[in-house]
Amino acid sequence: MPDVRPPRNPNGSAGFDTGVPTAARVYDVMLDGKDNYEIDRQVAHASLEVMPELKQIAVHNRDILHRVVRHLAADEGVDRFLDLGSGLPTGRNTHEVAQEADPDAKVVYVDIDPLVAAHGEAILGGDGNTAVVTADIRRPAEVLAIPEVRALTESDRPVCVMLCGILHHLLDEEDPRGIVSALAEAVPSGSFFFITNFTRLGDAPESAELERVLLSQLGTGRVRTPAELEAFFAGLDLLPPGVVPLPLWRPEGIVRDSTSVAARFMTGGVARKP
Ligand code: SAM
């Protein structure tokens, strides 16, 4: 197991420091979870003041995650999921969705926040196909060297690498594109990459304002342009419909509202490694 050093900025905290907000716990507030502290609620409330739609956006993000995992497991035969920045356990988690389609599907959850592994182990129990580990994706070589991760990536079976709602917690100088590339090099051809990210909206100045609040209070929270988001998929083949507002990625019902800030502030897509 690699050395998991304390993170360099407050998007995770070593140990359970209740005085420093973490991305996992702030997101938990958005999803009406209970695994958060006053400091996390303060960041969440400051964010909601700027963008009241954030709770709905978090739900859209969970919904696309469920659709993508279900589609890949049921229709593409993917039985390996590497869920990076998986977050605290919530309503329906990746292993539950994947294993509903394929009971043998293997899932490894990775998160920088040690609270995730603490809670994750509790809900996983003795499930031999699912693991949860604490690691920092800013050091992809270390993540890839974790035995549970190696067991997923070191066969020729395609893997779904999930970067759902995590890359906006990496600053530009932490080279998120380079991290995606390093991961893409490590997985077999035919593997999938699933990415969602905060997206700057030209007609909604609150998208830029939210970045200011998150960077100052949480230390991360980059709101990226559509072009920056497309660039994460460089060298990969995007699946239709491409990088789109979350509710528009292969909706399973009628999308009643695709023009609001709630629908458009996060965009995402899925691509296949050639
Ligand atoms: N993937 C889940 C989802 O989309 O519903 C949770 C997303 S949550 C907004 C972002 C997660 O990324 C948090 O749990 C946070 O701890 C984790 N995270 C942030 N930076 C990370 C890093 N450098 N390495 C690993 N996890 C990280």
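Residues are numbered from 1 along each chain as its sequence is written. Because the model is predicted, local features need pLDDT of at least 70 and side-chain atom pairs count only at pLDDT 80 or more, while totals for chains, interfaces and linings use all residues.

**Stop one: H1.** Select residues 23-30, which form H1; helices here are DSSP runs of H or I with at least four residues, strands are runs of E with at least two, and both are numbered from the N terminus. Eight of the eight residues of H1 are buried, so the rest of the structure largely encloses this helix. Buried means that 20 or more other C-beta atoms, placed from the backbone, lie within 10 Å of the residue's own. Those buried residues pack against H2, H3, E2 and helix H5 (114-124). Now click on Asp32, which follows H1 and has a positive phi, near 60 degrees.

**Stop two: the partner helix.** Axes are lines fitted to C-alpha atoms over the stretch in contact, and angles run from 0 to 180 degrees between N-to-C directions. To see the contact (C-beta atoms, placed from the backbone, within 7 Å), show Arg25, Val26, Val29 and Met30 of H1 with Asp40, Arg41, Val43 and Ala44 of H2.

**Stop three: the ligand.** Finally, select the ligand and look for Ala24, Gly85, Gly87, Ile112 and Gly165, which come nearest among the 24 residues around the ligand; a residue counts as near if its C-beta atom, placed from the backbone, lies within 6 Å. H1, helix H3 (54-75) and strand E2 (106-111) each supply at least two residues of this shell.

How values were computed: Contact = placed C-beta atoms within 7 Å. Buried ≥ 20, exposed ≤ 12 C-beta atoms within 10 Å, placed from the backbone.
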